[in-house]
Amino acid sequence: MAAAAAAAPGPGSGPGDSPEGPEAEAPERRRKAHGMLKLYYGLSEGEAAGRPSGPDPLDPTDLNGAHFDPEVYLDKLRRECPLAQLMDSETDMVRQIRALDSDMQTLMKNDFRKMEDEMDRLATNMAVITDFSARISATLQDRHERITKLAGVHALLRKLQFLFELPSRLTKCVELGAYGQAVRYQGRARAVLQQYQHLPSFRAIQDDCQVITARLAQQLRQRFREGGSGAPEQAECVELLLALGEPAEELCEEFLAHARGRLEEELRSLEAELGPSPPAPDVLEFTDHGGSGFVGGLCQVAAAYQELFAAQGPAGAEKLAAFARELGSRYFALVERRLAQEQGGGDNSLLVRALDRFHRRLRAPGALLAAAGLAEAATEIVERVARERLGHHLQGLQAAFLGSLTDVRQALAAPRIAGKEGPGLAELLANVASSILSHIKASLASVHLFTAKEVSFSNKPYFRGEFCSQGVRESLIVGFIRSMCQTAQSFCDSPGEKGGATPPALLLLLSRLCLDYETATISYILTLTDEQFLVQDQSPVTPVSTLCAEARETARRLLTHYVKVQGLVISQMLRKSVETRDWLSTLEPRNVRAVMKRVVEDTTAIDVQVGLLYEEGVRKAQSSDSSKRTFSVYSSSRQQGRYAPSYTPSAPMDTNLLSNIQKLFSERIDVFSPVEFNKVSVLTGIIKISLKTLLECVRLRTFGRFGLQQVQVDCHFLQLYLWRFVADEELVHLLLDEVVASAALRCPDPVPMEPSVVEVICERG
């Protein structure tokens with residue numbers, strides 16, 4: 001009690017007399033600052049008191065630890081430190097970051113300064129080395145120059161000795177008949193004597209040598225012109241005369257010049273035949289003229305040149321080869337000009353005969369002048385012409401196919417213009433198929449002439465392999481079939497482009513044509529090609545299965561596009577009939593609308609059209625009352641579940657709920673399902689598109705009582721006739737049920753018409 005009374009403040013004591021005053025707050029601030037420092041440096045209580053205590057290596061709040069986690073560290077600061085301490089920590093951390101950055105820059109400056117010092121030392125060392133090298137070179141320069149001068153003087157003395165002794169050596173060689181050695185001596189000294197001929201001493205040596213060389217050349221010419229010695233001696237004479245610098249005109253150029261004049265005359269004669277004034281002879285006559293005139297003359301020239309100047313070696317052969325190549329290229333250019341005039345014809349018989357004679361004539365000069373490459377050039381011309389003919393035939397097949405399509409278009413348009421019946425689709429298809437096949441056979445027969453056994457170039461590797469496989473089979477036949485498929489697929493463009501102007505009947509015909517190619521025609525054509533052209537090439541070719549798959553895909557796309565186009569035509573009629581009518585104020589129905597009759601008529605016409613080219617197809621078993629079913633919002637079993645509740649406003653939610661539940665269990669209808677190659681599948685696709693369009697248009701309108709009844713009558717009329725066209729009659733029932741149900745849902749007063757009345761109206765309509 002006494003202690004408590006002593007501790008209690010008296011009545012006169014104030015705030016300044018309390019131990020909680022400013023003197024007590026200073027130690028508290030020091031403790032907080034000390035704690036913040038411990039927290040910042042990660043020191044424990046023992047470390048702060050001077051006791052050694054290592055930090056926990058797994059402490060996530062240790063800034064210097066390997067497991068430091070910034071998020072944990074920040075969370076700890078937020079929990080344990082007030083706002084002022086957090087701000088102080090931020091300021092202190094920014095100051096440390098700046099200090100670290102400054103230290104790093106200082107270290108980098110020190111490192112670069114050290115590198116600069118090393119580079120300065122390296123430059124100093126290089127300068128010292130350069131100086132030593134210069135001193136060594138200067139020390140040895142005099143001695144090196146003296147040695148070089150002495151060696152040059154020695155070599156010069158030897159050359160001078162040879163030059164002074166040259167006339168006597170040449171005279172001795174001529175006397176002994178060592179013409180080769182004499183020519184070699186003259187060849188070694190000719191350049192030096194020519195260079196220093198302005199000096200009197202060298203001029204005298206040159207004059208003596210020229211006299212001796214002239215006498216030597218005269219003796220060699222005499223030996224060469226006499227021709228009494230053998231071929232080796234004649235070859236040696238020609239070689240020595242050339243080495244002595246005799247002009248080429250005296251040995252061979254005169255001979256070649258005379259031959260050139262005669263051959264150029266033949267070329268001018270051939271070129272005159274290609275001029276515009278006189279009528280050009282046929283290609284066979286032209287090649288005969290060129291073969292007997294130019295090619296025969298070239299063979300004579302080559303044989304005589306090789307007999308007389310064969311010892312000249314590669315230089316002489318190259319001169320003759322260049323001579324032959326120059327004139328041969330001019331002859332080949334004339335031949336190609338004449339062959340180009342034959343590209344417009346369709347028959348290859350005369351062209352192949354001309355190429356055969358052209359190729360045969362060039363065998364002899366090709367063997368004599370292998371370096372000139374005349375035979376190879378002739379073969380290349382023949383191969384190039386063959387490839388061009390393949391391209392020409394491919395263009396012809398493509399033009400024939402396009403022409404057949406034009407004839408089909410005109411035949412399809414003719415009945416509408418003249419008001420009379422034209423040929424049926426089956427007849428048009430047969431005409432197109434037979435026309436294309438006949439053109440293909442004619443092209444194969446025409447290009448087969450290039451591989452006939454009696455043709456000289458048929459045994460060449462190109463005509464035994466690549467021409468047959470890559471040329472005829474791939475480029476011509478496979479290329480045309482793919483071109484035909486691509487042309488047919490181009491009609492499948494979106495409406496408004498090329499496809500918009502394509503008659504649907506043409507799409508149907510092309511689809512059947514491609515399908516026939518897939519089933520039989522492609523295999524037949526490729527088998528015929530392989531039998532006529534025995535392929536010996538190992539190059540990969542297009543398999544029959546791949547080409548058939550492409551044709552089948554083209555047929556499928558065409559037939560699918562046909563379904564879309566025809567479905568779009570009927571859908572447009574149905575859409576306009578729904579959108580242009582006021583269904584709220586319409587009168588009580590007394591008959592079927594005319595558009596529904598038009599839909600049935602068009603569908604029947606499409607059924608007849610498709611039936612001309614495609615088989616019937618498979619239908620599901622049909623019920624006996626398919627044509628008597630009446631659409632009523634009450635009578636149908638599906639609709640009974642929907643509309644059994646009354647249409648009063650008290651139960652709208654139940655009606656919608658039942659309708660949505662019924663849709664969950666109803667069969668899903670794929671409107672754009674793949675089309676099969678039969679009539680039932682095609683008509684099913686068209687009817688699905690049409691009725692789906694009708695359903696979507698009905699969903700966008702509001703109907704009065706009589707409007708609903710008109711829809712009921714129209715749907716019953718469609719059901720009477722459309723069920724027989726589809727694969728499954730339930731499909732028509734489902735779609736028409738949806739149409740009537742959608743109209744009823746959008747009718748404020750859904751009172752259906754009696755089924756018997758509906759039947760009477762439809763039978764009367």
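1. Contact, as the word is used throughout this note, means heavy atoms within 4.5 Å. Helices (H or I, at least four residues) and strands (E, at least two) are DSSP runs, numbered from the N terminus. This is a predicted model, in which local features need pLDDT of at least 70 and side-chain atom pairs count only at pLDDT 80 or more, while totals for chains, interfaces and linings use all residues. Residues are numbered from 1 along each chain as its sequence is written, and side-chain values use heavy atoms, with hydrogens and water left out.

2. On the chain as a whole, there are 25 helices and 0 strands. Of its 765 residues, 39% count as buried, where buried means under 20% relative accessible area, exposed over 50%, and partly exposed in between (1.4 Å probe, protein chains only). Among contacts between residues at least 6 apart in sequence, 79% join residues at least 24 apart.

3. The pairing of α15 with α17 deserves a careful look. Helix α15 (residues 425-448) packs against α17 at an angle of about 30°, the two axes being 10 Å apart; axes here are lines fitted to C-alpha atoms, for helices over the stretch in contact, and angles run from 0 to 180 degrees between N-to-C directions. The two helices α15 and α17 are therefore roughly parallel, a term that covers angles under 35 degrees, whereas those over 145 count as roughly antiparallel, 65 to 115 as roughly perpendicular and the rest as oblique. On the α15 side the residues that meet α17 include Leu425, Leu428, Leu429, Val432 and Lys441, and among their counterparts in α17 are Ala505, Leu508, Arg512, Asp516 and Tyr524.

4. Helix α17 also has α16 (residues 461-489) as a partner, with axes that come within 12 Å and cross at roughly 180°. That makes α16 roughly antiparallel to α17. Residues of α16 at this meeting include Val472, Arg473, Ile477 and Met484, and those of α17 include Leu510, Cys514, Ile522 and Asp530.

5. Helix α19 (residues 594-611) has 18 residues and reaches 26 Å from its first C-alpha to its last, close to the 26 Å expected at 1.5 Å a residue, the expected span being 1.5 Å times one less than the number of residues. Its buried residues are Val595, Met596, Val599, Val600, Asp602, Thr603, Ile606, Asp607 and Val610. They cover an arc of only 165° around the axis, which puts them on the same side of α19; the arc is that of the directions from the helix axis to the C-beta atoms. These buried residues pack against α17 (504-532), α18 (544-579), α22 (679-699) and α23 (705-722), while the face turned away from the buried side carries the exposed residues Ala594, Glu601 and Val608.

6. Val295, found in helix α10 (residues 283-309), counts as buried at 2% relative accessibility, and, leaving aside neighbours within four places in sequence, Val295 is in contact with Gly290, Tyr331, Arg361, Leu362 and Pro365. Glu383, in helix α14 (residues 374-418), is buried with a relative accessible area of 16%. Not counting residues up to four places away in sequence, Glu383 touches Tyr462 and Phe463, and the C-alpha atoms of Glu383 and Tyr462, 79 residues apart along the chain, are separated by 7.5 Å.

7. Val211 lies in helix α7 (residues 200-226) and is exposed, with a relative accessible area of 52%.
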